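Have the sequence and the 3D view open as you read.

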Amino acid sequence: MSDSTPILPQSDLESRPSLGETIERCIGDFSSAQLVQAVLVSIAWFFDAQQTFISVFTDAEPTWHCTDDSCNGVSNLCQLPKNSWSWDLQAHTSIISEWDLECASSIIKGLPASSFFIGCLAGGLILATLADSSLGRKNMLFLSCLMMSVSCLLTIFSTNMWIYSVLRFINGFGRATVGTCAIVLSTELVGKKRRGQVGSIGFFCFTLGFLSLPAIAYINRGSSWRKIYLYTSIPTILYCILVRFLVRESPRWLFIQGRKEEAVFIIKSISTSENQRSLIMDFDNVSFEQETWNVDLYSAIKILVEKKWALRRLSAIMVTGFGIGMVYYGMPLGLGSLSFNLYLSVTFNALSELPASLITFFLIGKLKRKSSLLGFTIMSGVCSVLCVVMGKIWTSVEIGLELVAFFSACTAFSLLLIYTLELFPTCVRNSAISMVRQALVFGGVFSPVLVAAGRQNNFLSYGIFGLVIGLCGLFVIGLPETRDTQLSDTMDEEEYKERAAAAGFNRLV
């Protein structure tokens, strides 16, 4: 398949500064305005985490006790008369007890959570390219957060499992692009020196959002599950208002769309450069041409598939994401099997993400993307497999290995998204990260089945987790290193860099 986009001549690229170089020069050093924008955008991850893991508490199966002697020694309440047992707490503390689902099939009990992840997949496929094409980063972030918060609020009024599941699907549909837009927008508002650290702010906010859930649930213990949705939806709606009026659009995306005046205005508002009056003159001499392919809903995905180098990068990074997602979403599903109460179990699991976020934040500028991602996926895989072996010999070591495996998967998750945004140019960056996040969620789809099978044979859960993430991580070997590289804005620019790198490699050979 031939490429439809002409490559800019080498002489033109060398004689005139690129758009990325000009933006970097005009933005200057990291300013307080850039910090405020980065933090404000990254807060979206906080609410993203709450909606991702909220069903751990709202859909939990409550504990029960016998009310007479006829049920002593029976562990399955479905074998008992209804009047011989009772819930330890009020029925409205969980959807299971409120809607009498204690004897329903596992498919019915898991329908809301499944609907949420199916919504994430559908939303990622349908909304993936809107931030690159018509809506832009800011508007897509606003609409996604608004859809997520409103559906969360409406969930309070659910009267049965079916309405509840539909609203969870809508919630997942809206949530699908929140993290993608947040990481892309926050990193495009700063220079390359702070790109990695700014990208990791979102992961730290995600960890805090995860940690907030057991606190909210513990305060709400004994009360209706609907209050948890209320307490998480109202702050999200207020956040949407802040995004609408305070967040700036990506100047890189505005230039790609030909909206030069708006882009220059935003750069002036966040720039530390003292020579702001010359900004327009600087951009007049930029070696930049708008993409020649038509910008429609699926044009970004189309161009990623048509370009061989882009398809090769996207395929490798998505396979790696599949393996990471299987472990990242799979291990928290085992919370019920831990010897802690539910609140402490979720807190313990969420705390495992905190050091991963901190390591990414403080060391991202020094870490090589490719080798680090490869190392953490292999470490996670090895520790996961060792969990199966050591669990039969030394239980305390098994718990430690499980924590290391999950920590490594969390760190790999963070590195994967930062690596992806550096691998692709501005015109398709949001779409590329959306597709990688889809691969992460798709890996999580298989996790519940493996966890269920692992209750009988531990290798079918942790063993397969380890093998999959270890093997999938090997696919990054063929990808280029991106640390301290200039972000490209067009497919022309990135393809020129790809060909230049290939020509340099051939000369060395």
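## Confidence and overall make-up

This is a predicted model, in which local features need pLDDT of at least 70 and side-chain atom pairs count only at pLDDT 80 or more, while totals for chains, interfaces and linings use all residues. Residues are numbered from 1 along each chain as its sequence is written, and side-chain values use heavy atoms, with hydrogens and water left out.

The average pLDDT (the predictor's confidence in each residue, from 0 to 100) of the protein chain is 78, and 79% of the residues score at least 70. Two stretches call for care. Over residues 1-15 pLDDT stays under 50, and the model has 27 contacts beyond four places in sequence for them; a contact means heavy atoms within 4.5 Å. Residues 288-297 also stay under 50 in pLDDT, with 31 contacts beyond four places in sequence. Where pLDDT is low, the predicted coordinates should not be read in detail.

The protein chain has 26 helices and 2 strands. These are DSSP runs numbered from the N terminus, with helices (H or I) of at least four residues and strands (E) of at least two. Of the 509 residues in the protein chain, 54% are buried. Here buried means under 20% relative accessible area, exposed means over 50%, and partly exposed lies in between, using a 1.4 Å probe and protein chains only. Among contacts in the protein chain with a separation of 6 or more, 83% come from residues 24 or more positions apart.

## Salt bridges

Side chains of opposite charge can pair when their charged atoms come close. A salt bridge is counted when a side-chain nitrogen of Lys or Arg is within 4 Å of a carboxyl oxygen of Asp or Glu, and by this rule the count comes to 4.

| Pair | N to O distance |
|---|---|
| Asp48 and Arg175 | 2.5 Å |
| Arg437 and Asp48 | 3.7 Å |
| Arg369 and Glu422 | 3.0 Å |

Asp48 is buried at a relative accessible area of 0%, and Arg175 is buried at 3%.

Asp48 also forms a salt bridge with Arg437. This pair links distant parts of the chain, with Arg437 in helix H23 (residues 426-445) and Asp48 in helix H4, 389 residues apart. Arg437 is buried, as is Asp48. Asp48, Arg175 and Arg437 are linked in a network of salt bridges.

The side chains of Arg369 and Glu422 also form a salt bridge. The two residues are 53 residues apart, Arg369 in helix H21 (residues 369-391) and Glu422 in helix H22 (residues 395-423). Arg369 counts as buried at 6% relative accessibility, and Glu422 does at 5%.

## Helices

Helix H3 (residues 32-42) and helix H13 (residues 226-246) have axes that come within 10 Å and cross at roughly 145 degrees. Axes are lines fitted to C-alpha atoms, for helices over the stretch in contact, and angles run from 0 to 180 degrees between N-to-C directions. In this contact, Gln37, Leu40 and Val41 of H3 meet Tyr239, Leu242 and Leu246 of H13.

Helix H11 (residues 178-188) is mostly covered, with 11 of its 11 residues buried. Among them are Cys181, Ser186 and Glu188.

## Two single residues

Phe465 sits in helix H25 (residues 462-473) and is buried, with a relative accessible area of 1%. Leaving aside neighbours within four places in sequence, Phe465 is in contact with Met326, Val327, Gly330, Met331, Ser447, Leu450 and Val451. Phe465 and Val451 are 14 residues apart in sequence, and their C-alpha atoms are 9.7 Å apart in space.

Is Asp100 buried or exposed? At 52% relative accessibility, Asp100 counts as exposed. Asp100 is found in the loop between helix H6 (95-98) and helix H7 (106-109). Phi of Asp100 is near 55 degrees, a positive value in a residue other than glycine. Most residues other than glycine have a negative phi.
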